[in-house]
Amino acid sequence: MSKSFRFWGLVPAWALMILTLIIPILIVAGVSVAERGAYGGFTWSFDLSSYQQILYSVGWTDELEFDPKYVAIIGRTLLFAGGATLISLLLALPVAYYISQQSARLKIILLYLVTLPFWVSMIVRVYAWLIILGNDGLLERVYRMFGGADISGFLFTPGAMITGMVYSYIPLMILPVYASVEKIDPALIEASHDLYGGRWTALKRVILPLAAPGLTAGSILVFVPCLGTVLEPMLLGGGKQLMMGTLIQTQFGGARNWPFGAAIAMVLLVLVVLVLLLNARRARSQMEAAL
Amino acid sequence: MKKLLLATTLILPLAGAASAEGTLNIYAWADSISPDLIAKFTEETGIEVNVDSFSSNEDALTKLQAGSSGYDLVTPSQHFVKIMADEGLLEDIDAADMAAYAQLDERWKGQWWDPENDYSIPLAYGTAGFSVNRDTYDGPVDSWSVLFEPTDLAGSIALLSYPDEVVSAAQLYLGIEYCTEDKAEMKKVYDLLAAQKPAVVAYTSDNIENRLGSGEVSAHFWWDGNTLRLRNSGANVEYAAPKEGLVGWLDSFVVPAGAANVDNAKAFIDFMSTVENATEQYNYYAHSAPVEIDESKALYTPENAPELFPTVPVVFAQACSPAAQDLVTKVWTDLLQ
């Protein structure tokens, strides 16, 4: 009974995984080695030129040359996603810690408020930042109210883009960090003070190590969607520099080069899997160390 | 309770089937079809209309290429009508036999994008150029040089997020043919846009009304009728008349191959093309009408809507060969790398 249930009970989960995850990824992988159609679309074949195009392309002089532009786009995406993750982490830790110190009732209310933005469409939330960061927007007015000089140009900068990314995904950081911070026994912090550890030592040697699982989980949850984000670079960054998300979108749209778009998507996928693998490996070695 | 549930489950598919007979799914440029006319159509025919919107021809093309889009009526521009027809993505609706065709101005019949008039009935036409906010910029707007080699406008310019119209305009300015396959010529286009880039605030196709109307940017790459509508809403904006010419476009109704409600789509096209309705659509959309309208009821005239009656040359965008399109893409990705 239990053995057959273990098999048949998992069938729905497997069917779901295969239908909605494995098969679509295989299709993308297939398209990435297909031959591009003249006006978009593709025909099945085996052609690695899309992957070659990531590194080499035909320049203005008609010669195939090493072309770092796509590598630069990938690098920029990693950098901005990493930056947004780091900022989310720095902001989320005190917030999560604060929430964990409140009464049970207040905790529920605060956690509810953290998840509240998810009930609103992402596009609307990003548009809200246009009003905040725009010319004569909220930020500029407040700045002027406090006697700041006449300034403009918050919008359409990398800073605006990262602000939007942090804002969009920080709940995904706060929740797991809260989950691990909440479990910290206050006695441990007291103990560190009894042993003449100051606040900084308590944070560094007690709170951070105990919050590490939450911080890692949160970082992955923020970093991964930031890698593929499209809205923030277009609406807040002003579309002046391509990111991987916008590059993929361009390939399927204006450039009419689906295989290349699929190839870039595969690179994005490999990057995500690498991050997850590295994390899994670290978690395992930590577990072994703990034993 | 159980009986009720059972009954609902049995009826649901029937309800779906019944409404499928009376629906029409339209995929059109954002805010391009008068909601009043859609309501009127539903009232007259009982056909339920759903409208989704796109903001670039490329989006519409990609959607159709992906297959089974679920749409019965799409409104791409002329060069994309040609590409879609060549790619076998369109249903042959014998447009020349339709009532709407008789309403059509002669100049739009038998054109290169649909030489046999099989696939398309035009809906609106106009130009792409650029507009300036007259509160923040009082210089000349008689040449593309104001935009592409800016002095006064530097740091206050926004273009579109797609290369289609922008590259065509740069080609007009440089005197280069659309869709050229000559690398040296396209390198000039790239050099022009790359030199302009530091003066450009954003490459974006969203929210243009606000950005230009509020003076957030002083100049924006844009369309004629949209500028007219913004001006009529009280903003102090002007549509430029560059002597090198404007990029022309003509949007047409087409039916995707294999659409479920072809007859409803054709009924809607005919409905939109009657003199009365076409006039109402013209007054709503504020882009020129390619079909006959009632001049006495038309809101826009050369006097009050100079945007729609350009005095400079208008050169219609073409369907580029893949090689030429690759060069356009190269210009754009190199520009935004």
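**A covered strand in chain B**

A: In this predicted model, strand 7 of chain B has buried residues on both faces: Ala219(B), Phe221(B) and Trp223(B) on one side, His220(B) and Trp222(B) on the other.

Q: How many residues of strand 7 of chain B are buried?

A: A residue counts as buried here if 20 or more other C-beta atoms lie within 10 Å of its own. Five of the five residues of strand 7 of chain B are buried, so the strand is largely enclosed by the rest of the structure.

Q: Which strands are joined to strand 7 of chain B by bridges?

A: Strand 4 of chain B runs antiparallel to strand 7 of chain B, with five bridges between them. Within that pairing, Val132(B) has Ala219(B) as its bridge partner. Strand 5 of chain B (residues 157-159) runs parallel to strand 7 of chain B and is joined to it by two bridges. There, Ile157(B) stands opposite Ala219(B).

Q: How do I read a helix, and is helix 10 of chain B mostly covered or exposed?

A: An α-helix has 3.6 residues a turn, so residues three or four places apart point the same way. Helix 10 of chain B (residues 224-232) is mostly covered, with seven of its nine residues buried. Among them are Asp224(B), Asn226(B), Leu228(B) and Arg231(B).

Q: What covers the buried residues of helix 10 of chain B?

A: The cover includes strand 4 (121-133), strand 7 (219-223) and strand 8 (237-239) of chain B, along with helix 9 (208-213) and helix 12 (275-285) of chain B. Just after helix 10 of chain B, Gly234(B) has a positive phi of about 115°.

Q: What is the strand order in the open sheet of three strands in chain B?

A: The order is 2-1-3, and the pairing is parallel. An edge strand pairs on one side only, as do strand 2 (48-54) and strand 3 (73-74) of chain B. Strand 1 of chain B (residues 23-29) is joined to strand 3 of chain B by two bridges, and Ile26(B) stands opposite Leu73(B).

Q: How is chain B divided into domains?

A: Domain 1 takes 23-125 + 250-285, and domain 2 takes 126-248 + 306-336. The C-alpha centres of these two domains of chain B are 27 Å apart. Where they meet, 13 residues of domain 1 are in contact with nine residues of domain 2. Helix 4 of chain B gives the largest share of the domain 1 side, four residues. By class, that side has five nonpolar, six polar and two charged residues.

Q: What does the radius of gyration say about chain B as a whole?

A: Its value is 22 Å, close to the 20 Å that the globule rule gives for 337 residues, so chain B is as compact as a globular protein of that length. The chain has 13 helices and ten strands, and 48% of its residues count as buried.

Q: How many residues does each chain bring to the contact between chain A and chain B?

A: The size of an interface is often given as the accessible area lost when the parts come together. Here the description is by residues: 30 come from chain B and 25 from chain A. On the chain B side, helix 13 of chain B supplies the largest share, seven residues. That side has ten nonpolar, eleven polar and nine charged residues.

Conventions
Residues are numbered from 1 along each chain as its sequence is written. Chains are lettered from A and ligands numbered from 1 in the order in which they are written. This is a predicted model: local features need pLDDT of at least 70, side-chain atom pairs count only at pLDDT 80 or more; totals for chains, interfaces and linings use all residues. Two residues are in contact if their C-beta atoms, placed from the backbone, lie within 7 Å. Ala, Val, Leu, Ile, Met, Phe, Trp, Tyr, Cys and Pro count as nonpolar, Asp, Glu, Lys and Arg as charged, and the others, Gly among them, as polar. Two strands pair if DSSP finds at least two bridges between them. The radius of gyration is taken over C-alpha atoms; the globule rule is 2.2 Å times the number of residues to the power 0.38. A residue is buried if 20 or more other C-beta atoms lie within 10 Å of its own, exposed if 12 or fewer, and partly exposed in between; C-beta atoms are placed from the backbone. Domain bounds come from an automatic or database domain assignment.
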